[in-house]
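Have a look at the sequence and the coordinates before reading on.

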Amino acid sequence: MFVLLFLSSCYKEPDLFDDLLVSNGKVAQIAVLWLGDTKVYSAAGVLQPGITVDSATTVNVNIEYTSEIGVREFKVYSAATTTGTQTLLATLPAGIQKYDTELRNYVVKVPVKAPQSRNATVVLFAEVIAENGLPSSQRNVTLKTTP
């Protein structure tokens with residue numbers, strides 16, 4: 001009986017959360033990503049993040065984000081599809097973002113150039129790099145050029 005109690009007291013139940021959750025540090029969170037100068041909503045009140053513009057037009061990629069720590073920079077990438085290879089389009093250092101009290105988020109506008117060709121579609125991805133070097137999860141929007 002003593003041996004059974006002794007052995008059972010040495011057994012440690014694995015902690016599944018400790019095994020699954022590993023934190024490398026805090027990151028910023030992108031709340032909303034949209035294109036253009038103003039937000040466009042559908043009749044149902046849903047934000048329409050993608051837009052259609054003339055080829056070679058400069059378009060603002062608007063990143064609305066929250067962060068508990070400082071931000072180092074903002075990056076915007078492009079790809080032909082949501083799973084395609086990404087190409088860096090723009091890097092913008094922190095310091096120009098503004099806090100929007102109504103949205104309760106920081107907002108930064110990153111200007112990018114639309115594709116040169118007409119009737120083109122490109123997926124734009126944005127990420128926020130924190131001072132600790134860790135990137136946020138990427139968000140994406142679709143940019144189209146007129147036919």
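Predicted model: local features only at pLDDT ≥ 70, side-chain atom pairs only at ≥ 80, totals over all residues.

Residues are numbered from 1 along each chain as its sequence is written, and side-chain values use heavy atoms, with hydrogens and water left out.

**Layout**

The protein has two helices and nine strands; these are DSSP runs (H or I of at least four residues for helices, E of at least two for strands), numbered from the N terminus. Reading from the N terminus, the order is α-α-β-β-β-β-β-β-β-β-β. Of the contacts with a separation of 6 or more, 65% are between residues 24 or more positions apart, where contact means heavy atoms within 4.5 Å.

The accessible surface comes to about 9,600 Å², and carbon and sulfur atoms own 56% of that. Areas are Shrake-Rupley values with a 1.4 Å probe, and for residues only the protein chains shown count as cover. Out of 147 residues, 31% are buried, meaning under 20% relative accessible area; exposed means over 50%, and partly exposed is in between (1.4 Å probe, protein chains only).

Leucine 124 touches, among others, Leu33, Val61, Val76, Leu89, Val112 and Leu143, leaving aside residues up to four places away in sequence.

**Salt bridges**

There are three salt bridges, each a side-chain nitrogen of Lys or Arg within 4 Å of a carboxyl oxygen of Asp or Glu.

| Pair | N to O distance |
|---|---|
| Glutamate 68 and lysine 26 | 2.8 Å |
| Lysine 39 and glutamate 64 | 2.8 Å |
| Lysine 75 and glutamate 73 | 3.7 Å |

Glutamate 68 sits in the loop between E3 and E4 and lysine 26 in the loop between helix H2 and E1, so this pair ties together parts 42 residues apart in sequence. Glutamate 68 is exposed at 67% relative accessible area, and lysine 26 is partly exposed at 46%.

Lysine 39, in the loop between E1 and strand E2, links up with glutamate 64 in strand E3, 25 residues apart. Lysine 39 is partly exposed at 25%, whereas glutamate 64 is buried at 2%. Lysine 75 and glutamate 73 are both buried.
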